[in-house]
Amino acid sequence: MTSSSSTPLLDRVKTPQDLRKLPASDLRQLADELRRETIDAVSVTGGHLGAGLGVVELTVALHYIFDTPRDRLIWDVGHQAYPHKILTGRRDRIRTLRQGGGLSGFTRRSESEYDPFGAAHSSTSISAGLGMAVARDLSHGTNNVIAVIGDGAMSAGMAYEAMNNAGAMHSRLIVILNDNDMSIAPPTGAMSSYLARLVSSQTYRSIREAAKQLAQKLPKFFYDKARRTEEFSRGFWTGGTLFEELGFYYVGPIDGHNLDHLLPILKNVHDMQTGPVLVHVVTQKGKGYAPAEASPDKYHGVNTFDVVTGTQAKPKANAPSYTKVFADSLIEEARHDDKIVAITAAMPSGTGLDLFGKTYPTRTFDVGIAEQHAVTFAAGLATEGYKPFCAIYSTFLQRGYDQVVHDVALQNLPVRFAMDRAGLVGADGATHAGSFDLAYLCCLPNMVVMAAADEAELMHMVATSAAYNSGPIAFRYPRGEGFGIDLPQRGEVLEIGKGRILREGSQIAILSLGTRLSESLKAAEDLAAHGLSTTVADARFAKPIDRELVRKLAARHNVLITVEEGSSGGFGASVLEFLSEDGALDDGRLKVRTLTLPDTYQEHDKPERMYAQAGLDAKGIVRKVLTALGREGEAQSLIA
């Protein structure tokens, strides 16, 4: 049914308050318009498309039934939140998604009152929602708390920890399981919807409660039998036995694209006053856009694309990505060593292990969104003589840090950590930036840490890791394409803890770690124009540092600058500590400065702009040198 007005309904809906003024009969049209708007916006900006298209009807229904923002609506991860942003006063900015100064690609508390919790890492929504629900109860509030979590995110242990806690506390919390892939219990049309409406209705719950009261008067044996029989019979028909055992009242599965099913069930759930409830909603990723329906994996995250054909814009690059170089290198090493195995935590294509898996399927393990398990699983493999490469984004390895410390480093097990997306990552912003791995790994005894300056160096570090069996070793590399340099057939094994000098000078020394090496070499050229002779060295190793190289640079130069794509407390801090202990700073002759990422969470933008803002481009390096020499006037002239 369509609205009698010629004005698109979406033009009349600025906020959810406007949405709730519409008759339910208009919501189908509104959902269709919202889906078209989402497709059009993402075609301009790029971003996460498939997940958002899958929850259009659910988004409309949730905002229609619940009193947001008073009722707290939490979207796990945030990949699916674009339709939510459009309906919550941000439609006029939706084409700034993931652009510098524009909307975040995830939910963000500072962006809108309709985003009660910031997200981007998965499986946090139930924990956050339970915290909000308990705070509401302590404050004697009456609002609802709703957490929407995808089936993939439910593979993480944190989600079950939260559900176990919520079930034991009996707090009033609503969890929407958005099942768009594994279909825990597929819906069966009208019968499934009927059963879901039945068990969520006040009548059923009243009868159930009365029966419970009656059963409590029976001897304990009969009461327990009656309770388990009722829960089992309901679980048998609806598939929710697991969630019932965790203490949740299960409703579903229901068709997440059928508003006639969604609205009455959500209304029933809205009116429930006791305990946690899980509503199992089955959706289709990419719903309503044929290319995304046909290839949900390729349309999970997209570049800009042509709406009519679905053809995505391809980056203009002649070089392979670092991810592909890593994958090809690991395949080559595995060809020579059948003990090499690869582990990913639900990111096979993102880490390149999908390519490895095609070549060595029995030696590839995707453990799901379970980084803690991935690390300890790798540790177990290492105890038996295998050579596990644990490929996890730098930002996600943070989730498995306790296991890195206690299960790997403490036992000195030779687990290899391949950390993709190290440094700044552009449009995904602070939540996905690999800013902290140098600081959190270099402080660990037994750990070896490397950073690749280019694609060839990455190949060498894969080979070095494969050959290293004396303990844990990690190597980091950035997102995106490399420099397009000629690559060897196979990487070389590097000497542990040894760097290299690429350019010799006499006054200034730049000691770079990682892919800022190219900017360091440019800076040396610029410094020559200022009359300064500059040495440029590639540290290669953040731990152990090359003490001989650092001592040499300190002794032969007036200024030593360290450069790294990481936070403070990492490589530069280690160099300073060594120089202090070595006595190189005692006479005050040497000026040492460390260039790191700033002590802030940088806003999303193009990576090159972010590095320039951080002072980690050639111009920033030159400014740091000139300032150290007291030539502030020249340094100021370089500020853009």
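**A close look, residue by residue**

Modeller: Ile265 sits in helix H13 (residues 259–271), where helices (H or I, at least four residues) and strands (E, at least two) are DSSP runs numbered from the N terminus. The model is a predicted one, in which local features need pLDDT of at least 70 and side-chain atom pairs count only at pLDDT 80 or more, while totals for chains, interfaces and linings use all residues. Residues are numbered from 1 along each chain as its sequence is written, and side-chain values use heavy atoms, with hydrogens and water left out.

Ile265 has 0% relative accessibility and therefore counts as buried (buried means under 20% relative accessible area, exposed over 50%, partly exposed in between, with a 1.4 Å probe and protein chains only). From Ile265 to Ile65 the C-alpha distance is 9.9 Å, across 200 residues of sequence. For the chain as a whole, 56% of the 640 residues count as buried, and the secondary structure comprises 28 helices and 19 strands. Of the contacts with a separation of 6 or more, 75% are between residues 24 or more positions apart (contact means heavy atoms within 4.5 Å).

S16 covers residues 534–538, and Thr535 belongs to it. With 1% relative accessibility, Thr535 counts as buried. Its side chain has a polar atom 2.6 Å from the backbone nitrogen of Gly505; a polar contact is a pair of N or O atoms within 3.5 Å, where within protein one must be able to donate a hydrogen and the other to accept it, and residues adjacent in sequence count only if both atoms are side-chain atoms. Setting aside residues up to four places away in sequence, Thr535 touches Ile501, Arg503, Glu504, Gly505, Ser506, Ile508, Ala509, Ile510, Leu553 and His557.

Thr534 is also in S16. This residue is buried, at a relative accessible area of 2%. The side chain of Thr534 comes to 3.4 Å from the backbone oxygen of Leu532. Beyond four places in sequence, Thr534 is in contact with Arg503, Glu504, Gly505, Ser506, Ile508, Ile510, Ala524 and Leu527.

Ser506 is placed in the loop between strand S14 (500–503) and strand S15 (508–513). Its relative accessible area is 44%, so Ser506 is partly exposed. Apart from neighbours within four places, Ser506 contacts Ser533, Thr534, Thr535, Arg556 and His557.

On backbone geometry, the peptide bond from Lys543 to Pro544 is cis, with omega near -5°. Pro544 falls in the loop between strand S17 (541–543) and helix H24 (547–556). Another cis peptide bond runs from Gly252 to Pro253, with omega near 0°, and Pro253 is in strand S5 (residues 249–255).

Asn412 has a phi of about 55° and lies in the loop between helix H20 (401–409) and strand S11 (416–419). With 30% relative accessible area, Asn412 is partly exposed. Arg421 has a phi of about 60° and is in the loop between S11 and helix H21 (437–442). At 14% relative accessibility, Arg421 counts as buried.

Last, a helix pair from elsewhere in the chain. Helix H3 (residues 27–45) packs against helix H5 (residues 56–65) at an angle of about 125°, with axes 9 Å apart; axes are lines fitted to C-alpha atoms, for helices over the stretch in contact, and angles run from 0 to 180 degrees between N-to-C directions. H3 and H5 are therefore oblique to each other (under 35 degrees counts as roughly parallel, over 145 as roughly antiparallel, 65 to 115 as roughly perpendicular and the rest as oblique). From H3, the residues Leu27, Arg28, Leu30, Ala31, Leu34 and Arg35 make the contact, and from H5, Val56, Glu57, Val60 and Tyr64. Seven of the residues in the contact of H3 with H5 are nonpolar, none is polar and three are charged (Ala, Val, Leu, Ile, Met, Phe, Trp, Tyr, Cys and Pro count as nonpolar, Asp, Glu, Lys and Arg as charged, and the others, Gly among them, as polar).
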